[in-house]
Amino acid sequence: MNVGDFIRQHYLHFNAASLVAAAEAYNTHIEAGGSMVVCLAGAMSTAELGLSLAEMIREGKVHAISCTGANLEEDVFGLVARRSYAAIPDWRNLSRDQEQNLHDERMNRVTDTCIPATAITLIEEAMFEQWESAERSSQEIRWFPHEPLYRLLRSGTLARHYQIDPKNSWLVAAAEANLPLIVPGWEDSTLGNSYAAKLLAGELRSPHLVKTGIEYMIEFARWYAASARPIHVPSRTECDRARTLGSVGFFQIGGGIAGDFPVCVVPLLRQCLQRTDTPQWGYYCQVSDAPTSYGGYSGAVPNEKITWGKLSADTPAFVVESDATIVVPLIFASVLGW
């Protein structure tokens, strides 16, 4: 049987049942003509989520992505250096001395995987060439953080370095589709640090080459306003055959800024700009192992977002409290019909 049939037969209770419901509602939302924003927190790129996410993009099941700077760059690091990565099977029991040895060997650990510094250096150098070229240009050039990476992937410059099939890179798929991307808080990523270091060293002159988070918010607000419209989706109850929801859904993997930043676009439009006819999010799912807690925003339940005007009382909302590296590929596989 395919993945969808398997989870419907075996995933009947608790978080497993929430997984099935979230996958089926995702499909319903897309089939009704809706679009989906996927938010990537944590280390999803190093966890090779591109194996399923890239196909979701190609099949038109994802229409925009919000991600951390780490997820943006780590997809490209893996693209050019995956064979040089080191697996750390006993990562939970490493001593401080063993961690120091990894540092001395220039191996940067992400849970059970070490990224070699050579991969980072290769991409840093390629990005520096683009930043430097932009500064030398007679035209004023300003890029969002993801745009020079899109340019780099489309140019084919890195192709000779590829160590995995590019069809398994979600960023390659996004670049090919020219998918809207937002990368809030990019400055704390490795490439963001590199960019700041080049400015401090005087190798680059102006920090204004890279656009800011406020500009990302403005761009995303424009995208949402142009994309959102009312759609009718089947109701869960037979007596209420259909209900009107917003056409843009929100699928959040992990917590933090990757989700917090884009979800706020609805109250920005509806409350700050008084565009009260703007549809609220029409689907919401968060997959996280953060427990529901007082003051822990990453573990806040969806109902709290109703009070902020992000979701409506009718928005189909799901929480799957589990490991995203297990849950998300199953949901994506079900949506894809695998």
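By buried I mean under 20% relative accessible area, with over 50% called exposed and anything in between partly exposed, using a 1.4 Å probe and protein chains only. What we have here is a predicted model, in which local features need pLDDT of at least 70 and side-chain atom pairs count only at pLDDT 80 or more, while totals for chains, interfaces and linings use all residues. Residues are numbered from 1 along each chain as its sequence is written, and side-chain values use heavy atoms, with hydrogens and water left out.

Let me start with the cysteines. C114 counts as buried, at 0% relative accessibility, and C39 is likewise buried at 0%. Searching the whole structure gives zero disulfides, a disulfide being a pair of cysteine sulfur atoms within 2.5 Å. For C39, the closest cysteine sulfur is that of C67, and at 9.6 Å it is too far for a bond.

Beyond its neighbours within four places in sequence, L40 is in contact (heavy atoms within 4.5 Å) with residues including C67, W170 and I253.

Finally, the sheet: strands here are DSSP runs of E of at least two residues, numbered from the N terminus. Three of them form an open antiparallel sheet in the order β3-β5-β4. Because β3 (86-87) and β4 (107-110) each have a single partner strand, one side of each is left without a neighbour in the sheet.

Note on methods:
Pairing = 2+ DSSP bridges. Helix = DSSP H or I, 4+ residues; strand = E, 2+ residues; numbered from the N terminus.
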